[in-house]
Amino acid sequence: MEIMLQQFFNFEIMQKVWPLLLRGFGTTLWLCLIVIPIGLLGGLAAALLLTARLRWVRWPAIAVVDFFRAIPPLVLLVLVYSGLPFAGIRLSPIEAVALGFLLNTSSYYGEIYRAGIESVGRGQWEAARSTGLGGGQTLAYVVLPQAVRNVLPDLVSNTIEVVKLTSIASVVSFPELLYSAEMARSVTFNSSPVVLAAILYLVMLWPLVRLVSRLERRVASH
Amino acid sequence: MTTWERFLDTFFKPDMMAKYWPDILKGMAVTLEIAAAVVVTGLALGLALACLRAWQWRPLNFLIVIFVDLFRALPPLVAILLIYFGLPNVGLNLPSFTVLWLVLSLVLAAFAEEIFWAGITSTPKGQWEAARSTGLSFAQTLFWVVLPQAIRIGVPPLTNRTIAITKNTALGTVIGVPEILNQATTAQSFSGNATPLMMGAIAYVILFVPIVVLGRWIETRFAWRRA
């Protein structure tokens, strides 16, 4: 028990690595501020292609989205980060992470938006168009607000997944929270920094997890 | 060399493919093994927890909710590194394969518990009362009346979640589990060519595209209401 506490809850070490981890935490936060909007916008574009009326637009879109949902995000990230340099394209860690996340998270958000758009009846499109709204207006003012409301739990829960996923950026030496913690662990030979990182992830994500549970229950009770 | 030829030479070099495909194939076997083990233990544990929660015994429910929230909020890579590098220092040496299986099973169990539990609570109270009044015990009602419906409701979200979590087997490369990504990056560093990485990606596509497509089909097949 004594050894256990020493190894995982060593407050002295936690105190020493706190500034380093706090910097890593800040980096994780701004990484989220980059990759979440990228994913939300890319996903919306993907959803419009996925729900297109023309078959030769819809089918290739489904193929591309399924392709990127089949490849683990870490594989995608390694491919972008260490594969592309062989072709003469050298991306910095943040560029590689942004590109990898664009391809992966857009596919997931895209599927969620698609489900939302399909949950809004075709009649709504027809009604909106017949009142004189254009296609873009119908989408923006009539369909999307309802679609987003219908799939809000899925959107939030996918966002949690994206935040958790930023931890894989540590594999390409991007100095976010987990990378900082791992660095501190290899210097101190003690796992307390990683425990501290885990606590920071929990502080950030636990409220969101609770929120998702509440949202899911509310949608289910409708 | 034209750009196209250089692209092919970088990512699809035939002699590299010939040389490394046995390694990638070995990686595929390891990935499949872990994925299958995770699906079985994760879903079983998740279902067991949901059933325990149906007993409504407060202290136990509290613990289950803590466990579920913890593994829904914690990035799996953090848990993997914590267990793999932390436990040896307190005298417990787990092989990397076991650590990966354990962490992913716990994560899947957490998500599966939530999904099964949502299914159980969505069964109308009247069904419980009707079943109990015909003489079925609590356990019989749970297993023969409530669970069949709960599982059916849970299938679409469960499929997607299971696919996403089994893909996390790639995280095992960080602790040296010889799965696809690990084989691919090792081969790539020996060969100085990106072809093995591309082969690794293709291996995942071969394994997972059928599952993703199946998931899409299940989702439309089982959906009777769109949330």
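In the predicted model, 43% of the 222 residues of chain A count as buried. Chain A is built from ten helices and zero strands. Its pattern along the sequence reads α-α-α-α-α-α-α-α-α-α. The C-alpha atoms of chain A occupy a box of roughly 70 × 50 × 25 Å along the principal axes. Among contacts in chain A with a separation of 6 or more, 74% link residues 24 or more positions apart.

Chain A touches chain B. The contact draws 41 residues from chain A and 39 residues from chain B. Six elements of chain A, namely helix H1 (2-8), helix H3 (55-70), helix H4 (73-83), helix H5 (93-119), helix H9 (177-188) and helix H10 (192-221), each supply at least two residues of the side that touches chain B. H10(A) gives the largest share of that side, twelve residues. By class, the side of chain A that touches chain B holds 28 nonpolar, seven polar and six charged residues.

The largest nonpolar core has 120 residues. Those with the most contacts inside this core are A:Val75, A:Leu77, A:Ala197, B:Val78 and B:Ile80. Helix H5 of chain B, residues 96-121, gives the most to the core, with 16 residues. What does A:Ala197 contact, leaving aside its neighbours within four places in sequence? Within chain A, the partners of A:Ala197 are A:Leu21, A:Leu177, A:Leu178 and A:Ala181. From chain B, B:Val78 is in contact with A:Ala197.

B:Val78 also belongs to the buried residues of H4(B). This helix of chain B spans residues 76-86. Nine of its eleven residues are buried, so H4(B) is largely enclosed by the rest of the structure. The buried residues of H4(B) are B:Pro76, B:Leu77, B:Val78, B:Ala79, B:Ile80, B:Leu81, B:Leu82, B:Ile83 and B:Tyr84. B:Ile80, in this list, is likewise among the residues with the most contacts inside the largest nonpolar core.

Another packing contact lies within chain A. Helix H6 (residues 122-130) and helix H7 (residues 135-150) of chain A have axes that come within 10 Å. These axes cross at roughly 130°. An angle over 145 degrees would count as roughly antiparallel, and 65 to 115 as roughly perpendicular. H6(A) and H7(A) are therefore oblique to each other. The crossing of H6(A) past H7(A) is right-handed. On the H6(A) side, the residues in this contact are A:Gln124, A:Trp125, A:Ala128 and A:Arg129. They meet A:Thr138, A:Val142 and A:Val143 in H7(A). Sorted by class, the contact of H6(A) with H7(A) has four nonpolar, two polar and one charged residues. An α-helix has 3.6 residues a turn, so residues three or four places apart point the same way.

Two loop residues have a positive phi. A:Phe189 is found in the loop between H9 and H10 of chain A. Its phi is near 55°, a positive value in a residue other than glycine. Is A:Phe189 buried or exposed? A:Phe189 counts as exposed because it has 10 C-beta neighbours inside 10 Å, and the limit for an exposed residue is 12 or fewer. In chain B, B:Gln56 sits in the loop between helix H2 (14-54) and helix H3 (58-73). The phi of B:Gln56 is near 60°, again a positive value in a residue other than glycine. With 8 C-beta neighbours inside 10 Å, B:Gln56 also counts as exposed.

How values were computed. Residues numbered from 1 in each chain as written. Chains lettered and ligands numbered in written order. Predicted model: local features only at pLDDT ≥ 70, side-chain atom pairs only at ≥ 80, totals over all residues. Contact = placed C-beta atoms within 7 Å. Helix = DSSP H or I, 4+ residues; strand = E, 2+ residues; numbered from the N terminus. Nonpolar A, V, L, I, M, F, W, Y, C, P; charged D, E, K, R; others polar. Buried ≥ 20, exposed ≤ 12 C-beta atoms within 10 Å, placed from the backbone. Core = buried A, V, L, I, M, F, W, Y, C linked by C-beta atoms within 7 Å. Axes fitted to C-alpha atoms, helices over the stretch in contact; angles between N-to-C directions. Parallel < 35°, antiparallel > 145°, perpendicular 65-115°, else oblique. Left-handed = near helix turned anticlockwise from the far one by under 90°.
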